[in-house]
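Please walk through the fold of this chain one element at a time, with the sequence and the coordinates side by side. How do the helices and strands lie against one another?

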Amino acid sequence: MPSDRSILFRDRQEAGRALGAALLPLATAHPLVLALPRGGVPVAFEVAKALDADMDLLFVRKIGSPGQEEYGFGAVVDGADPQIVLDEAYVRVSGISAETIRDIVNRQCAEIDRQRRLYTPDRQPVPVTGRVVIVVDDGIATGGTMRAALRALRRNHPARLVLAVPVAPADSIATLRRECDQIVCLLQPQSFFAVGAYYQDFPQVEDADIIRLLAQAHDRTGTA
């Protein structure tokens, strides 16, 4: 794998097309492509188009430690069967009460509900049980959020769970291998910069872009 910034993706669309080409052997399984909003959506759209696959969003919200919200000790992962993933050892040591955790989870679930109503009104999450599922983002840094997402999805018993990203540090990929059946990562720098450093054009993905791409994916396959 390339190990420096000499190789850049022009934009998320180009990265998605390259990722789709690498994932073509999975096309015959009629996979479900799940995008992490926001940045993962343009990448996942190109992957789904290349594989003629269904596409949906995977909403993941961090459960932050009270008073240190930047430290996540778990996550809420949306879907047809939503899951809560907690670092049980941290919960025991920190003494966070079940009531506090429930309050945090309820707030994050409300935010997920708001986002889903905005992006996919009147559409239910596509079930993952028994499907080949490909989870897509525009890149990974530490991998904490993705780890929670993969663990939650595994509980819903997909036939095969695949992580696909254009770029991530090699050590993060190593820690995520035990969470899924396959990883496709095009660029694994040993000296990692921010995800955006590996794109020539890395604008913020707007709500309107996500709504448009989901509508196009729905029109193409007849699903969300």
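This is a predicted model: local features need pLDDT of at least 70, side-chain atom pairs count only at pLDDT 80 or more; totals for chains, interfaces and linings use all residues.

Strands of a sheet are joined through backbone hydrogen bonds, in either a parallel or an antiparallel arrangement. The antiparallel pairing of β4, residues 68–77, with β5 extends over four bridges. Within that pairing, Ala75 has Val85 of β5 as its bridge partner.

Returning to α5, its length can be checked against what a helix should give. At 1.5 Å a residue, the 12 residues of α5 should span 16 Å, and the C-alpha atoms at its ends are 17 Å apart, which agrees. Which residues of α5 are buried? They are Met146, Ala148, Ala149, Leu150, Ala152 and Leu153. Just after α5 comes His157, which takes a positive phi of about 60°.

Strand β7, residues 160–167, is mostly covered, with seven of its eight residues buried. The pairing of β7 with β6 (residues 132–136) is parallel and runs over five bridges. There, Val135 has Leu163 in β7 as its bridge partner.

A further parallel pairing joins β1, residues 32–35, to β2, over four bridges. In β2, the residue opposite Leu34 is Asp56. Strand β2 covers residues 54–57, and its side chains point two ways: Asp54 and Asp56 one way, Met55 and Leu57 the other. Are these residues of β2 buried or exposed? All are buried, the two Asp residues as well as Met55 and Leu57.

The next topic is a pair of helices. Helix α1 (residues 12–22) packs against helix α2 (residues 40–51) at an angle of about 35°, and their axes are 7 Å apart. The crossing of α1 and α2 is right-handed. On the α1 side, the contact is made by Arg12, Gln13, Gly16, Arg17, Leu19 and Gly20. On the α2 side, Pro42, Val43, Glu46, Val47, Ala50 and Leu51 take part. By class, the residues of this contact of α1 with α2 comprise six nonpolar, three polar and three charged.

The last stop is Thr221, which has its place in helix α7, residues 207–221. Thr221 and Leu187 are 34 residues apart in sequence, and their C-alpha atoms are 30 Å apart in space.

Methods:
Residues are numbered from 1 along each chain as its sequence is written. Side-chain values use heavy atoms; hydrogens and water are left out. Two strands pair if DSSP finds at least two bridges between them. The expected span of a helix is 1.5 Å times one less than its number of residues. Buried means under 20% relative accessible area, exposed over 50%, partly exposed in between (1.4 Å probe, protein chains only). Axes are lines fitted to C-alpha atoms, for helices over the stretch in contact, and angles run from 0 to 180 degrees between N-to-C directions. A crossing is left-handed if the near helix is turned anticlockwise from the far one by less than a right angle, and right-handed if clockwise. Contact means heavy atoms within 4.5 Å. Ala, Val, Leu, Ile, Met, Phe, Trp, Tyr, Cys and Pro count as nonpolar, Asp, Glu, Lys and Arg as charged, and the others, Gly among them, as polar.
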